Amino acid sequence: MAGRFAPRPTRTTVRGGHVAVPGAGASAGAGTPAGAEAAAGGVPRQAGAGAATGRVRVWAPDGPLDLGLVLGPLRRGPGDPTFRALPDGSVWRACRTPLGPGTLRVCAYGGEVRGEAWGPGAEWLLERLPEWCGAADDPAAFVPRHRLLAVTRHRRPGLRLTRTGLVLESLIPSVLEQKVTTVEAYAAWRTLVRKFGEVAPGPVPVPMYVMPAPRTWALIPSWEWHRAGVEDKRAATVLRAVRVAARLEEAAGMPPEAARARLELVAGIGPWTSAETVQRSHGAADAVTVGDLHLPGIVGFALAGDRYADDAEMLRLLEPYAGQRHRAARLILLSGRVPERRGPRMTRGDIGRF
């Protein structure tokens, strides 16, 4: 029954990392590499992007895998210029690796995952393809103690936690999401990456961009931050982070708690931002997000019917899932069980008008 009725995406499940990615068999003949390529054949490619064929790696996961759930947390809004999910069942990601810009196309079919990559960072991306698809994660370590979590895990058997091994690309958009609405944060990320990033290598299906290099972030003029809707406080935090980018990227090889401690040495990066970062860069199953405006109430309502729960109450409710608290929170978000709204949404600001 797990796959018989596909859960519909909602605002909350999207926040839980749900991205609609059709199965590779959704179109005729797409269950094979040739069929998947044919399904994408009618999609316009970015002009001047280079050769159509990149380096390829095929990997077989040891269990169910849902690309939309695994890679979904990497998307920062529906217009993210570094992420695309296509009707042919493929997920595209453009990122800046230690070896340079790279574009990765991932498609699952026939119990296997096929990765194709372009650019200087292609080999680096393919080497880490299994970790990107959750190979370093252990879903069996989670033991549900609440019916809602048991049902949600049954309906989402392909949920695994991705580990990108890239710190800065998760840190900067997390900083941009501090204390503002998601709409504002996504717009800022989209504007800055498109204007100051590099064109993604490879035959990408739509215009895609690689996040700017640390030096490029440091050279963005103050008025460009302003036009993107980013006030001085968040901009200054990003600038402090990129000045020590090499040291922060070293945290990818540390345990999640040690990595969070290093990140929080940078002024402006607190527990909320560090947790949001290591959830993606390390696949940290226990890095629960504290200091969030909505998450405590959602967790409290789902597990105890308490829509007014605070961080302390949320942590108490998640205590039985020690070591897997982030996974438990994601399952709650993916369940779609949230309290009804009883007030207006947070007012959207726009400092670019002034």
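Reader: How many residues lie between β3 and β4 in their hairpin?

Author: Two residues sit between them. Bear in mind that this is a predicted model. The two strands run antiparallel, and eight bridges join β3 to β4 (residues 100-109).

Reader: Is β3 buried or exposed?

Author: Eight of the eight residues of β3 (residues 90-97) are buried, so the strand is largely enclosed by the rest of the structure. S90, W92, A94 and R96 point one way, while V91, R93, C95 and T97 point the other way.

Reader: Now helices. How do I describe two that pack together?

Author: Two packed helices are described by the angle between their axes and the distance between those axes. Here, the axes of α6 (residues 147-155) and α17 come within 9 Å and cross at roughly 80°. An angle of 65 to 115 degrees counts as roughly perpendicular, and α6 and α17 therefore fall in that class.

Reader: Which residues make that contact?

Author: From α6, L148, L149, T152 and R153; from α17, A328, L331, I332, L334 and S335. By type, the contact of α6 with α17 has six nonpolar, two polar and one charged.

Reader: What does α14 pack against?

Author: The buried residues of α14 pack against α7 (168-176), α13 (256-263) and α17 (325-335). Helix α14 (residues 271-281) is mostly covered, with 10 of its 11 residues buried. Among them are W272, V278 and R280. After the helix comes G283, whose phi is positive, near 60°.

Reader: What about nonpolar cores?

Author: In soluble globular proteins, nonpolar side chains tend to be buried together. The largest nonpolar core here has 32 residues, and those touching the most other members are L168, L171, I172, L192, W217, W225 and V230. Elements giving two or more residues to this core are α7, α8 (182-196), α11 (232-243), α12 (245-250) and α13. A second, separate core of 23 residues includes V21, L65, L104 and A117.

Reader: Which residues does L168 touch, leaving out those up to four places away in sequence?

Author: P173, M211, P214, V242, A245, L248 and E249.

Conventions:
Residues are numbered from 1 along each chain as its sequence is written. This is a predicted model: local features need pLDDT of at least 70, side-chain atom pairs count only at pLDDT 80 or more; totals for chains, interfaces and linings use all residues. Side-chain values use heavy atoms; hydrogens and water are left out. Buried means under 20% relative accessible area, exposed over 50%, partly exposed in between (1.4 Å probe, protein chains only). Helices (H or I, at least four residues) and strands (E, at least two) are DSSP runs, numbered from the N terminus. Contact means heavy atoms within 4.5 Å. A nonpolar core is a set of buried Ala, Val, Leu, Ile, Met, Phe, Trp, Tyr and Cys residues joined through side-chain atoms within 4.5 Å. Axes are lines fitted to C-alpha atoms, for helices over the stretch in contact, and angles run from 0 to 180 degrees between N-to-C directions. Angles under 35 degrees count as roughly parallel, over 145 as roughly antiparallel, 65 to 115 as roughly perpendicular and the rest as oblique. Ala, Val, Leu, Ile, Met, Phe, Trp, Tyr, Cys and Pro count as nonpolar, Asp, Glu, Lys and Arg as charged, and the others, Gly among them, as polar. Two strands pair if DSSP finds at least two bridges between them.
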